[in-house]
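Work through the exercises below with the sequence and the 3D view at hand. Each task is followed by a solution in steps.

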Amino acid sequence: MASKTPQHINLTDDLDWIQLREETGSAFPETTKERMMRKIKENPLVPIGCLATASALGFGLYNFRTGNRKMSQMMMRARIIAQGFTVAALIAGVILTYNKKE
């Protein structure tokens, strides 16, 4: 099959699947990216907590490697706090989602 140049594309034939998806609505599952964006919009505190946890871990490991023990210990404690925040955000999100469904 020869590749189609822009002037040979027939939008009604080549893009029928888009119209089909719009007509069927939720019959097709959402893509991974769509699901991730929906989850982030539903509970934005979880990704913030994950980023805070990863940042504290990375900075703590960097300080451990450079020999700054005091800062490394402080960052490991910050990581624990960030993990607790993330778990609390997850639990709050589950509770809010459950309450919305009822």
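**Exercise 1: The overall fold**

From the N terminus on, the elements of the protein run α-α-α-α-α. The model is predicted, with local features needing pLDDT of at least 70 and side-chain atom pairs counting only at pLDDT 80 or more, while totals for chains, interfaces and linings use all residues. Residues are numbered from 1 along each chain as its sequence is written, and side-chain values use heavy atoms, with hydrogens and water left out.

Task: state how many helices and strands the protein has, and what share of its residues is buried.

Step 1. Helices (H or I, at least four residues) and strands (E, at least two) are DSSP runs, numbered from the N terminus. The protein has five helices and zero strands.

Step 2. A residue is buried under 20% relative accessible area, exposed over 50%, and partly exposed in between (1.4 Å probe, protein chains only). Of the 102 residues, 15% count as buried.

**Exercise 2: Thr53**

Task: decide whether Thr53 is buried or exposed, and find its contacts beyond its neighbours within four places in sequence.

Step 1. Thr53 is found in helix H4. Thr53 counts as buried because its relative accessibility is 14%.

Step 2. Contact means heavy atoms within 4.5 Å. With neighbours within four places in sequence left aside, Thr53 is in contact with Arg79, Ala82, Gln83 and Thr86.

**Exercise 3: The aromatic pair**

Task: find which residues form an aromatic pair and describe its geometry.

Step 1. Rings of Phe, Tyr and Trp (its six-membered ring) pair if their centres lie within 6.5 Å; planes under 30 degrees apart count as stacked, over 60 as edge-to-face and the rest as tilted. This rule gives one aromatic pair.

Step 2. The pair is Phe59 and Tyr62, stacked, at 6.5 Å centre to centre with 20° between the planes.

Step 3. Phe59 and Tyr62 are three residues apart in helix H4 (residues 45-66), so about one helical turn separates them. Phe59 is partly exposed, at 39% relative accessibility.

**Exercise 4: The lining of the largest pocket**

Task: say which helix gives the most to the lining of the largest pocket.

Step 1. On a 1 Å grid over the protein atoms alone, a pocket is an open set of points where a 1.4 Å probe fits, with protein on both sides within 12 Å along at least five of seven lines; lining residues have an atom within 4 Å of a point. The largest pocket is lined by 15 residues, and Lys39, Glu42, Asn43, Gly93 and Thr97 lie nearest its centre.

Step 2. Helix H3 (32-42), H4 and helix H5 (69-101) each supply at least two lining residues. H5 gives the most, with eight residues.
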